[in-house]
Amino acid sequence: MTALKASPTRRVLAAVALAAGATLVLSACGAGQISQTATQVAAINGNQATSGDIALRNVHVVYPNSEEYSIEPGGNAALAFTAANLSESKTDRLKDIKTDFAGSVKIDKKDGTLEIKPQAALGAGNPDVTVPEQAPEHVSLIDVTLEDIREGVRPGLTFPVIFTFENAGDIVVQVPVDAGPLVERHESDKSPDVAEGHH
């Protein structure tokens, strides 16, 4: 029997089989591919890490905005971060912060505490920037200063900082340095003449 003499039922079944085959072939085209948005993160300055119930978010060195701070070797730099306690029942506590890229790390509790209650957070730096999206309602603020910083604490570079918590233990974060609002323009003989404008 030729295709022209096939019954209407057989023609419908053949069309359905062809459509199903085409669907399988086309759906396989995307198999194993990673979507562009799968690895996107929020547009924030800092890095992040999670260990146990502690989620460190937006960890970065704040670009100096006063004479008190400097990112030159031997200067002091402010460290910003949010440490959120994701536990529903257990309190944790920040015990220490260390890095080989500073002579010492000074933690000023202000009038607060280094304890992080369940579903609460500890923040250093600008709380409007450092509080994560799943922000706990209570954020205790402290100041953290990297004193006598070493060479290598520069915008565009990262350096390791170890956060030690009572329950979560040590969390190592590669900390970037904020580039600040203004970046110096470096002129060379290859730089376009600003007066020429864009055409």
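Biologist: What is the order of the four strands that form an open sheet?

Modeller: In this predicted model, the order of the open sheet is E6-E4-E9-E10, and the pairing is antiparallel.

Biologist: Which strands stand at the edges, and what makes them edge strands?

Modeller: Strand E6 (115–116) and strand E10 (169–176) each have a single partner strand, so one side of each is left without a neighbour in the sheet, and that places both at the edges.

Biologist: How do you know that strand E4 and strand E9 pair?

Modeller: Pairing asks for at least two bridges between two strands, and strand E4 (residues 92–98) and strand E9 (residues 158–165) have four, running in the antiparallel sense. Within this pairing, Ile97 stands opposite Phe163 in E9.

Biologist: In which sense, parallel or antiparallel, does E8 pair with strand E5, and in which with strand E7?

Modeller: Strand E5 (residues 102–108) pairs with E8 in the antiparallel sense over six bridges, and Ile107 stands opposite Val144 there. Strand E7 (residues 120–124), in turn, pairs with E8 in the parallel sense over five bridges, where Leu141 is the bridge partner of Gly123.

Biologist: Is Asn58 called buried or exposed, and why?

Modeller: Asn58, which is found in strand E2 (residues 54–61), has a relative accessible area of 1%; buried means under 20%, so Asn58 is called buried.

Biologist: What does the side chain of Asn58 reach?

Modeller: The side chain of Asn58 reaches the backbone nitrogen of Gly46 at 2.7 Å, which lies within the 3.5 Å asked of a polar contact.

Biologist: How many aromatic pairs are there, and why is the pair of Phe81 and Phe163 given its type?

Modeller: The count comes to two aromatic pairs. For Phe81 and Phe163 the ring centres are 5.1 Å apart and the planes stand at 75°; centres must lie within 6.5 Å and planes over 60 degrees apart count as edge-to-face, so this pair is edge-to-face. The pair links distant parts of the chain, with Phe81 in strand E3 and Phe163 in strand E9, 82 residues apart. Phe81 is buried at a relative accessible area of 0%, and Phe163, at 0%, counts as buried as well.

Biologist: Why is Phe101 placed in its accessibility class, and why is Phe159 placed in its own?

Modeller: Phe101 has a relative accessible area of 25%, which falls between the limits of 20% and 50%, so Phe101 is partly exposed; Phe159, with 0%, is buried.

Biologist: Where does pLDDT stay under 50?

Modeller: The mean pLDDT of the protein is 77, and 62% of its residues reach 70 or more. The value stays under 50 over residues 36–43, which have two contacts beyond four places in sequence, and over residues 128–132, which have twelve such contacts. Where pLDDT is low, the predicted coordinates should not be read in detail.

Notes
Residues are numbered from 1 along each chain as its sequence is written. This is a predicted model: local features need pLDDT of at least 70, side-chain atom pairs count only at pLDDT 80 or more; totals for chains, interfaces and linings use all residues. Side-chain values use heavy atoms; hydrogens and water are left out. Helices (H or I, at least four residues) and strands (E, at least two) are DSSP runs, numbered from the N terminus. Buried means under 20% relative accessible area, exposed over 50%, partly exposed in between (1.4 Å probe, protein chains only). A polar contact is a pair of N or O atoms within 3.5 Å; within protein, one must be able to donate a hydrogen and the other to accept it, and residues adjacent in sequence count only if both atoms are side-chain atoms. Rings of Phe, Tyr and Trp (its six-membered ring) pair if their centres lie within 6.5 Å; planes under 30 degrees apart count as stacked, over 60 as edge-to-face and the rest as tilted. pLDDT is the predictor's confidence in each residue, from 0 to 100. Contact means heavy atoms within 4.5 Å.
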